[in-house]
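Hello,

Here is the structure we spoke about passing on. My notes on it follow below.

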Amino acid sequence: MRQFTSDELRKAWKQFYIERGHVDVGAVSLVSDGSTGVLFNVAGMQPLMPYLLGKKHPLGTRLCNVQGCVRTNDIDSVGDRSHGTFFEMMGSWSLGDYFKKERCQWSYELLTEVFGFDTDHLAATVFEGDENAPRDEEGAQYRIASGFKKENIYYLPAEDNWWGLEYGPCGPDSEMFYIEDRPDCGPDCGPGCSCGKYTELGNDVFMQYEKHHDGTLTPLSQKNVDTGWGLERILAFLNGSRDVYKIDLYAPIIAYIETVSGVKYESDEKLTKSMRILADHIRTSVMLIGDEAKLLPSNVGAGYVLRRLIRRAVRHSRILGLKTEDLLKIARMYIEDIYGESYPLLVKNKDFILTELKKEIGRFESTLENGMKEFRKILDLKREEKLGSIDGKSAFYLYDTFGFPIELTVELAEEEGLTVDEEGFAKAMEEQKQKARDNQNFSAKLSAGSDVFEGLSADITSEFVGYDNLTFESTIAALASDTELKDALGAEEVGTIIVAKTPFYATMGGQKGDIGVITTTGGIFEVQETVKLPGDRIGHVGKVVSGSIKVGETANLSVDVCNRSNTCKNHSATHLLQKALQLVLGDHVEQQGSYQDSTRTRFDFSHSQALTAEELSKVEQLVNEKIAESIAVVTEEMDIEAAKNKGAMALFGEKYGDTVRVVSMGDFSVELCGGTHVKNTGDIAFFKILSESGVAAGVRRIEALTGANVMAYYKAMEENFVKAVNAAKATPATLLDKITGMQAEIKALSSENESLKSKAAKEALGDVMDSVVEVKGMKLLATSVDGVDMNGLRDLGDQLKEKLGEGVVVLLSNQDGKVNMVAMATDGAVKAGAHAGNLIKGIAALVGGGGGGRPNMAQAGGKNPAGIKDAIAETVKVLEGQLN
C-alpha cells in the first residue's frame, strides 16, 4: 500500500477521475438546502440527488468531487477510533453515462495502481438476488474481469448490497474490502463479519431500477453510478492504522491536547475518548461556523446541533483540564495549519469563526460549573432514593437554568449508571412553551395590532420578494422592542426589524412564516418568526445574537433554506390533498382551515363522518401518484375574474384583491394562493397521512408528513418493528403468530396466577371464622393477611362475607411495606347503620392512609404497616358507633 497525506489523497482522487473524463463539481455548503429534508449534507451524493433522478447537470454526465459532510445521528459513537461528526466523502458519478463495466474496471485500477493494494488482499461483495431482483451476476463478472479473484467475490443479501429509498431509483451495490492476513474466524467468515479480517474500502452503487408504489421494479431508462469513499478512514488505513485520529488531519490537535493536558493519547480509555470528542467537535464546529451558510448556535434546527457540539466539547475539555484559550487555539490550528489550503473559506472567515466560538463557549462556561454542581445534587438525591433514573423535570431544570442540552444530561447520567426520563423532559418543555403561549409572546402581541409602530411614517412599508429570492439586500427601516421604537438593538436584545423589501414570508393563510438570519456590518440578528403587521409591514421577530443592529444600516436578509423548503413541500402537498379529498369524498369537501410548517401539514375540511381506512388509503395514494408524476407547479398573476374562469379554488379565510396569484399543478389542482410552493410536485418526494379526526360538527382534520419527514417516520417504525421482533424472539414473517400465541399464553398464565394468588391468600388467612365477634348483635370479622394486593383482598372479602351471612368484613394486608385495606357490609348490616366507607375513614389514619367508599364496600391504602394491629382493634369501636 502507498502512504498519502490528506492533501495528496484529495488530489489523487480528483485527478484519477478527471483523467477519465469527469468534471470536478466542487463542494457545496455543509448545511443542506432543504431539498432532502435533513439539516446537513450527510453524503456526497445528496446535493446531486436531482441529477440522479433525471435532471440534466450543467457540467455533464461524469462528475467527481470531495464533499464535506456532517452526520450526528451516531454522535454517541464519537470517541472510538473511527467515528466523527464531520468527514469528507470522495465521490464520483455517472449520470446515464458509463455503467458496471467501466465502474468495476476503474475501481480496481484505483485500488491497485493508485493506492497500491495487491490483488490477493482484495475482495468484493455483490447482490445475491431475491424475489424482487435477480442476482447481480453482471456485477460479479465485471469485478472478476477487472482483476478481482473469483474466490474473493461474495454474494450478500439486500440488507448488505442494495441501495434504495421507499420508491424511486434503486439498485444493487458492490462493496470492496481489504483482506487481512489472519485465519478465518469460522466457516462463515467473510465481508461484513465483525472479526476484523475484512475492512471496507469503498462502495459502488448501481442505480438500474425504479421502484414503484406497489413494490414492483422496472429498469431505469437512465442508469446511474454513485461511488463513495470516506477520506478519513481510507487515509488511516493506507497509512497503517485503523484510528482516524492518527491521520494528519487530527494528529497535530491530539499532540497539542497531550501537551496542554499532560495526558498521553491511549494511556487512559476515558481520557482518550475525551480527546477524540474534543478534537472532532471543535473541527465540526469550525467547519459549520466557517461554512458559506455561516451557521450560528441556537436552540432550533441545525443551530441547536452546533450548540450541542460546542457544549459537549467544552465539557470534555474541562475533563482534560483545558481552558477557553486552548479550545480557540485548536480552532485556529484547524483553520490556519490543517485546512487552510483545502478550505480557503475558513481562512477568510477566521475572525468570525473564532469570535462566535468564543461567545458560545463563554455562554456555556458561565453556567457549566453551577450546572455540574446541581447535576451532582440531583444525582446524589436519586441515589439516596435508590432510583435508577433522573426525572424529566430535573432534566428540564438543568436545560432551562444552566443550558444543559438533554443529550448532555443523558450522557452524564449514563456515565454514572443512570437513565433519564426523556419523555418527561419533553413534557416539561411543552408545559413551558404553553405557559409562554398563554402569556402571549412578543410576535403575537405585535401581530394582534400593537401600537408600537404607530409613530412610523405611513411611507414605511414592506414588500415581499421571497418567491424568487431567499437572500436579499435591504435597508433597516425600523426597529422596535416589545414596547417602543428604537434606533438600535444591542446584543441579546429581543425585538422586531422592518425593512423595505424582504425575502421572508410572514405567517399568513395557514403557512408558518420564515426563520433565518439578518446580518449587517455591525451585527447578526436571528429571525425566529416573521409576522404580518398593520400598515402593510412585515415584522422580523427575533434576537440580536452578535454585535448590534441599527436603523439605516444595509442588511443582508437570509431565509433558512431547509425550513422554507420543507414548509413549501407541506404547503404544496396540502393543495394536492384538498383535490384528492374532493375526488374521493365528493365536491362538498371545502377547506375549513389549515396549517403548514417545516414539520407537517394540518388540513381541516367539511365532511360529516370519519373517513374509512379505504378512503384514507385512496386519498394518500392519489396524492403520491401526483407527486410521482412530477407535475410542474406554475404560478401566475391575473385578475380575479380570469382566475375564477380558470376554475381556481379560493382558500378558506383568505381575502383577495383585484389581482390574484394562481398556483396550478397541471389541471389537477388550481387554487388562489399567496404562499410559497415547490417548483415541481416531485420535489415533495413522499406524502404520508398520520391521522384523521373530528374537530367540530361536520369538520374533519387530517395531519400528514412529506419529504424526509416521511422517511424518518418509516425509519422509526422499522426500528420499533425490529425491536418487537427481537423482543418476541421471532422473525418478521412469524411475529404476528408469535404475538397471538403469547397473548393466549399470557391469558392462561394470568388466569392461573389469579387462581394461585386466591388460593395463597386463603391459605395465608387460614380459618378465621373463629375470629368473628359481635358488635351490638352484628357479626364483625376484622383481621389481617400478609402479601395480598387489593384485588386479592376484595376476592377474600366476598368469600368471607358469603360465609358470614349477615355482618361486616374488614381486611388489611401488608404488601411490600404498604397497607391495603378493604371493608364490606352486607345489606342487613347497612340497614342496621353500618357504613363501609366511613368505617375505612375511621381506621385508615392508624396506618398512615386515607380512603372511603360506598356503604356496602370501600377500600384504602396506607404507608404504616406497624399500625395494622391498632387499626383492627379500632374497627370494633368505629362500628359500634355506627350501629343503631
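Buried here means under 20% relative accessible area, exposed over 50%, and partly exposed in between (1.4 Å probe, protein chains only). Arg20 counts as buried because its relative accessibility is 17%. Arg20 sits in the loop between α1 (6–18) and β1 (23–24), where helices (H or I, at least four residues) and strands (E, at least two) are DSSP runs numbered from the N terminus. Leaving aside neighbours within four places in sequence, Arg20 is in contact (heavy atoms within 4.5 Å) with Arg62, Trp106 and Glu109.

This is a predicted model, in which local features need pLDDT of at least 70, side-chain atom pairs count only at pLDDT 80 or more, and totals for chains, interfaces and linings use all residues. Residues are numbered from 1 along each chain as its sequence is written, and side-chain values use heavy atoms, with hydrogens and water left out.

For the whole chain:
- There are 884 residues, 50% of them buried.
- The chain holds 25 helices and 36 strands.
- Its C-alpha atoms fill a box of roughly 110 × 80 × 60 Å along the principal axes.
- Of the contacts with a separation of 6 or more, 68% are between residues 24 or more positions apart.

Helix α13 covers residues 392–402. The buried residues of α13 include Phe396, Leu398, Tyr399 and Phe402. After α13 comes Gly403, with a positive phi near 70 degrees.

Regards
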